[in-house]
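Me: Hi! I have a protein model open and I'd like to walk through it with you. Could you help me read it?

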Amino acid sequence: HLDFLRPMYDEIGDYVSVYLDTDRSSEHANDDIAVRWQHARQQLAQAGASEESLQAVAEVISDPDRVAQGQAVFACHGAVTFAAALDGPPRREIARFAPLPHLMPLLAQHRPPIPHLRVSATRTGGEIVAVGGSGEVWRDWVAGQQWPVHKASVGGWSQDRYQRDDEDTWNSNAKELATEAAKVAASIGAGHVVVGGDVRARTMFVSHLPKLLRDSAVVVDDEVTADSQALAGAADRALAGWAESEARERFDDWQAKRAHGRGVDGLGRTMAGFRDGQVADLFLADDPTSTATALIGPRDSDIAASPNELLELGLTENQILSDRADSALVRAAVRTDAELHFLPPDLVQRGDPTADGGIAMPRDGVAAAFRFSLEEA
């Protein structure tokens with residue numbers, strides 16, 4: 001889901017996209033970054049970027065508080081519309097001036113987080129960290145009953161009763177934490193949870209979760225806090241697996257839908273699907289060397305391979321712009337609420353010299369599953 005990128009397309013035209021190595025770990029890092037940025041700035045100025053947009057990007061690149069090995073920065077009409085820190089140098093340094101932001105390298109290298117919860121369960125409650133699809137983070141603490149929370153060391157006839165009190169209290173606290181987690185998950189559209197904390201408390205917590213969250217829960221066998229690096233690392237690994245698994249499931253579903261007129265592949269057919277408002281899922285092969293282009297217009301679904309396809313929709317020639325096909329497809333997906341899935345490499349079949357990038361299946365490395373077929377419309 002890429003809803004958080006919608007504001008980037010409120011205006012199109014004159015977009016600056018910069019991917020820069022900003023690793024500051026070496027002795028002369030600041031000088032090296034300045035040289036790389038100066039080279040990128042010259043390229044952009046020669047391409048026609050405004051001084052206002054270049055200065056806006058420069059302020060982000062030079063910000064000493066933005067410590068990251070790489071930066072992706074996008075600006076339009078003198079203002080930065082989005083900036084992201086990369087967890088490594090960009091695969092390729094890019095300085096591009098075009099009608100649309102060039103988001104594909106960012107999405108491929110630093111994929112938006114799947115909304116999820118990181119929970120640390122304790123005997124007295126617990127802590128919830130919620131991560132939204134744009135990377136926004138919320139923290140929530142749940143304080144349960146404070147007594148009794150430790151196993152009683154009491155002999156005689158009363159021992160079983162004290163232990164039952166302990167278990168009841170832990171269970172009540174876990175249930176309260178699970179109830180709060182379910183509310184938070186619903187509020188951000190999260191379907192996944194990663195759990196750490198006290199071994200008994202986390203087991204009870206998971207047992208009280210709604211089925212969707214319970215089935216997806218990943219338990220970390222460690223007593224760590226919800227905002228710890230250990231739980232964040234476990235979440236990243238789990239999310240990568242979830243994303244790939246979902247892409248495979250959706251692609252299998254696409255193959256079934258294609259047989260019944262609800263799925264297509266190839267650039268031309270996929271773009272036609274966007275124009276008709278049909279696309280629910282967009283599948284892309286990560287192909288940094290792609291040279292495919294597309295034509296776009298001012299409306300969200302204005303995307304085509306030829307000018308006539310847009311002229312027939314009432315656009316004039318001066319409203320039609322050309323850009324990279326992957327940039328245009330991302331815009332169409334964002335603005336029409338389609339989901340984007342990167343295809344695992346083993347699902348991509350190469351060898352067709354007539355297809356873009358030589359990708360035979362899905363043709364051109366692009367496919368779409370439809371919300372409905374034209375016959376149903």
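Predicted model: local features only at pLDDT ≥ 70, side-chain atom pairs only at ≥ 80, totals over all residues.

Me: Let's start with one residue. Is H77 buried, partly exposed or exposed?

Reply: H77 is partly exposed, because its relative accessible area is 46%. The cut-offs are under 20% relative accessible area for buried and over 50% for exposed, with partly exposed in between (1.4 Å probe, protein chains only). Residues are numbered from 1 along each chain as its sequence is written, and side-chain values use heavy atoms, leaving out hydrogens and water.

Me: Thanks! Where does H77 lie?

Reply: H77 lies in the loop between β2 and β3. Those names come from DSSP runs, numbered from the N terminus: helices are H or I with at least four residues, and strands are E with at least two. The two strands form a hairpin with two residues between them.

Me: What is the phi of H77?

Reply: It is near 50°, a positive value in a residue other than glycine. For background, most residues other than glycine have a negative phi.

Me: OK, and how do β2 and β3 pair?

Reply: Strand β2 (residues 70-76) pairs with β3 in the antiparallel sense over seven bridges. Two strands count as paired if DSSP finds at least two bridges between them. You can find A72 opposite A84 in β3, and G70 has L86 in β3 as its bridge partner.

Me: New topic: β5 and β6. How many bridges do they pair over?

Reply: Strand β5 (residues 116-122) and β6 pair over seven bridges, in the antiparallel sense. They form a hairpin with two residues between them. The bridge partner of H116 in β6 is V131.

Me: How many residues of β6 are buried?

Reply: Seven of the seven residues of β6 (residues 125-131) are buried, so the strand is largely enclosed by the rest of the structure. G125, E127, V129 and V131 point one way, while G126, I128 and A130 point the other way.

Me: And how many residues of helix α10 are buried?

Reply: In α10 (residues 325-335), 11 of the 11 residues are buried, so this helix is also largely enclosed by the rest of the structure. The buried residues include D326, R331 and R335. D337 follows α10 and has a positive phi, near 65°.

Me: What about A186, buried or exposed?

Reply: A186 is exposed, with a relative accessible area of 64%. You'll find A186 in helix α4 (residues 159-188). A186 and D198 are 12 residues apart in sequence and 25 Å apart in space, C-alpha to C-alpha.

Me: Which residues does the cis peptide bond join?

Reply: It joins M361 and P362, with omega at about -10°. As a general rule, most peptide bonds are trans. P362 is in the loop between β17 (359-361) and β18 (366-370). D364 is found in the loop between β17 and β18 as well, and has a positive phi of about 65° although it is not a glycine. At 15% relative accessibility, D364 counts as buried.

Me: Last one: how many helices and strands does the protein chain have?

Reply: The protein chain has 10 helices and 18 strands. Of its 377 residues, 49% count as buried.
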